Amino acid sequence: MLAPVLFALGALPLISCLPSAKTPLERRADECTERTPRKSWTALTTDEKVDYLKADLCLMNTPARSGIPGTETMWDELQYAHIKQVPYVHFVGAFLPFHRYFLAIHANLLRTECGYTGPIPYWNETADVGHIKKSAIFDVEAGFGGDGTGPGGCIEDGPFADVVLHLQQDLNSSDYCITRGLNDRSLAMASQDNIDMCLSGGNFSAMWNCIESRPHGAGHGGVLGVMADLFLSPGDPIFYLHHGFLDKLWWDWQAMDLDTRLTAIDGNNTGFLSGGGGFPGFPPGGPPGGPPGGGFPGVPGFNGSNPFPGFNGSFPGFNGSFPGFNGSFPGGGSGGSNPFPFPGGNMKPDKAYTDYFYDGGNLTTLNHTLWSVGIVPNVTIGDVMDPRLGIVCAEFM
């Protein structure tokens, strides 16, 4: 059922650590002959679920081919592609298009490298608001395993209990497990009221800002652990189903007015790079449309001093520290007053990226280049605007 044709990793040379190109990209004309179904996890049969989980495990055990220092598996290479450009694909106009592209890369690798032929699932987070720990997606046998009940918040059951991740935020290598801290408080930001609010946005900017701050924060914050780290989050396979849900929401919004919304794009290219922020990547003052105080998305009223109100300054069940991060939060600064700062603070835009976007300025356009560190060829935002065509070639169900 593989429809779009993408280059395999094995055909690629050692890839560059920064994007490089001399001329803007031309729009691609990838063939889409049979769309891949995108379905809610609960709509998959048990056999389809097991096959999907096996395919993810396959990527986690397939040796890396890119030559990127620190990567050992194809899973590492995907994580690297995300870590490398976090400041340029979050809280910018390219947020939704980049992640649509990134999801297509993952989906196609499942097929080309691991022989997966089933639907690509997403997590309908709204259906699990209020009972995340009972969600079918965290089933031990036909799901992604449960909560982080092991030392440091490591998951101890399910198919990914023994997975070892390698890359850190600074791209150095240091082994660690998949950690989680499932909680309903943060997932509440994926409520139907919030989804309706996002889909009622009259233009791309209103819709995107709402999705990135509310349901985006809900999934990352509801799972916590590795998923709460904006850099490392693709290490947890839940990441792809979470962003699959966000991609579906974007498509739902587009489908309301295809004539206009298949070309609707807005925003800038450098987001928060000159400021601070709470949860990694949120601009000063917090996410647009998010809770007051600039804190963790999905925690109403968080003011930056207590990440989880009601839990006395610590994450419940983890002895006063964030699961998996040795008593501190990922990227945390001195004093521990801000659990989710952006590492490096006050970063400046890197012209190696911004000149490569080819937008003719800082405003995001359909000509904007999307980059995957060479895993597959680059595309433009215009190439992924219609998920039914080109390299995405999907059908939401």
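Buried, as I use the word, means under 20% relative accessible area; exposed means over 50%, and partly exposed is in between, with a 1.4 Å probe and protein chains only. By that cut-off Asp247 is buried, because its relative accessible area is 3%. Arg100, at 0% relative accessibility, counts as buried as well.

Before going on, the basis. This is a predicted model, in which local features need pLDDT of at least 70, side-chain atom pairs count only at pLDDT 80 or more, and totals for chains, interfaces and linings use all residues. Residues are numbered from 1 along each chain as its sequence is written, and side-chain values use heavy atoms, with hydrogens and water left out.

Salt bridges next. The criterion is a side-chain nitrogen of Lys or Arg within 4 Å of a carboxyl oxygen of Asp or Glu. The whole structure has eight of them. In one, Arg100 pairs with Asp247, and the closest N and O atoms are 2.6 Å apart. Arg100 sits in helix α4, residues 95-114, and Asp247 in helix α9, so this pair ties together parts 147 residues apart in sequence. Helices here are DSSP runs of H or I, at least four residues, and strands are runs of E, at least two, numbered from the N terminus. Arg38 joins Arg100 and Asp247 in a network of salt bridges.

Another bridge links Lys133 and Asp147, with 3.5 Å between the closest N and O atoms. Both residues lie in the loop between β2 (120-122) and β3 (165-167), so the parts tied together are 14 residues apart in sequence. Lys133 is exposed at 57%, whereas Asp147 is buried at 18%.

Lys351 and Asp355 also form a salt bridge, at 3.3 Å from N to O. Lys351 is exposed, with 54% relative accessible area, and Asp355 is partly exposed at 44%.

Back to α9, for its packing. Which angle do α8 and α9 make? Helix α8 (residues 215-223) and helix α9 (residues 238-255) pack at about 160 degrees, with their axes 10 Å apart. The axes are lines fitted to C-alpha atoms over the stretch in contact, and angles run from 0 to 180 degrees between N-to-C directions. That makes α8 roughly antiparallel to α9, a label for angles over 145 degrees; under 35 is roughly parallel, 65 to 115 roughly perpendicular, and the rest oblique.

In the contact, taken as heavy atoms within 4.5 Å, α8 contributes Pro215, His216, Gly219, His220 and Val223. The α9 side consists of Ile238, Phe239, His242, His243, Phe245, Leu246 and Leu249.
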